[in-house]
Amino acid sequence: MPQPIHRTGDHADGPPGGLREADQGKRAIVVDGELEGRVALITGAARGIGAATARRMAELGAMVVCADVLFEEAATVASEIGDAAIAVSLDVSKEPQWKGAFAAARGAFGPVDVLVNNAGVMETASVVDTTDEQFDRLISVNFRGPFLGIRTAGREMTATGGGVIVNVGSVVATTPVETLGVYAATKGGIAALTKAAAMELGPKGVRVCVIRPGTIATPMSGPDTADDPFHRVLALGRIGQASEVADAIAFAASDRASYITGTEITVDGGWTAGRYALEVTGAQSVLEST
Ligand SMILES: NC(=O)c1ccc[n+]([C@@H]2O[C@H](COP(=O)([O-])OP(=O)(O)OC[C@H]3O[C@@H](n4cnc5c(N)ncnc54)[C@H](O)[C@@H]3O)[C@@H](O)[C@H]2O)c1
């Protein structure tokens with residue numbers, strides 16, 4: 001039985017507006033090796049949420065396969081993790097490369113137990129201004145990619161006795177933002193695909209979930225996003241950190257989530273909870289008095 005390792009202060013390294021100063025260092029996570037012995041393949045693991053997920057899953061005992069089109073960056077993440085990680089070159093939109101990635105994982109660690117379909121791209125344009133190229137890129141990476149991942153993992157996991165597929169969606173799937181229409185549609189597609197796959201694969205021992213981040217500080221969201229006034233009107237009043245999404249992904253992949261499938265876990269600081277009507281109704285004074 002692995003010995004528990006106690007760590008404190010997770011996420012305390014976030015930007016200003018992260019955990020309130022008074023709370024920093026108080027948050028304690030018990031890392032108990034709950035992914036010990038699992039083989040996890042994470043797409044888009046060179047950067048952002050994928051890299052944070054690879055690190056967190058390795059901390060929890062998993063052997064991780066860092067898959068990305070940016071092989072050199074994925075290899076750096078894997079080498080920082082150590083012997084429990086390898087990097088593979090994978091363009092998620094290319095079917096033959098999925099076969100290669102799963103074969104590499106099997107060769108290094110054994111059959112894949114957990115697939116995290118995280119790789120994604122963003123294009124900003126109004127629906128009517130979206131070019132064919134933007135549309136095709138979004139569909140091929142954000143929708144065809146996870147579909148190919150689910151199909152590859154679903155077949156392999158049903159043959160090897162089960163597993164977990166965690167897809168990374170977005171809150172914009174149900175709460176769209178202007179200029180992210182096609183991106184939002186790809187994330188809505190993932191949500192629908194997740195439910196169907198969960199129905200079909202559940203009886204064969206495979207759980208399928210979606211994690212829905214709000215705005216998270218990563219290369220995708222851009223360097224200026226952390227200071228965006230938009231975040232001040234979220235319930236938690238700040239942008240999220242990649243490690244906070246990684247925690248939810250790791251939970252969904254673990255046996256603690258053993259009765260969770262076909263559904264979504266939202267990690268959005270309150271984005272989808274609602275909006276404060278600050279200037280409009282004078283609610284600000286009510287908030288300030290509490
Ligand atoms: N950052 C956010 O605010 C946010 C919010 C909601 C959802 N998401 C989703 O989270 C996931 C991760 O986003 P992130 O913010 O970490 O982005 P990021 O840009 O920081 O990282 C994305 C990774 O995916 C990789 N990638 C891109 N195309 C690929 C392909 N064809 N094959 C394999 N890898 C590919 C990139 O090389 C990169 O390493 C994405 O699916 C994104 O849509 C992000």
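## Ligand shell

Helix α1 contributes the most to the shell around the ligand, with 3 residues. Helices here are DSSP runs of H or I with at least four residues, strands are runs of E with at least two, and both are numbered from the N terminus. At least two shell residues each come from α1 and α4 (132-160).

The ligand is surrounded by 29 residues, and the closest are Gly44, Gly48, Gly120, Thr218 and Met220. The shell comprises 14 nonpolar, 12 polar and 3 charged residues; Asp, Glu, Lys and Arg count as charged, Ala, Val, Leu, Ile, Met, Phe, Trp, Tyr, Cys and Pro as nonpolar, and the others, Gly among them, as polar.

## Basis of the model

This is a predicted model, in which local features need pLDDT of at least 70, side-chain atom pairs count only at pLDDT 80 or more, and totals for chains, interfaces and linings use all residues. Residues are numbered from 1 along each chain as its sequence is written.

## The sheet

Seven strands, in the order β5-β4-β3-β6-β7-β8-β11, form an open sheet with parallel pairing; two strands pair if DSSP finds at least two bridges between them. Strands β5 (85-89) and β11 (264-267) are the edges, each pairing on one side only.

Parallel strands β3 (residues 39-43) and β4 (residues 63-68) are joined by 5 bridges. Within this pair, valine 39 stands opposite methionine 63 in β4.

Conventions: Near = placed C-beta within 6 Å.
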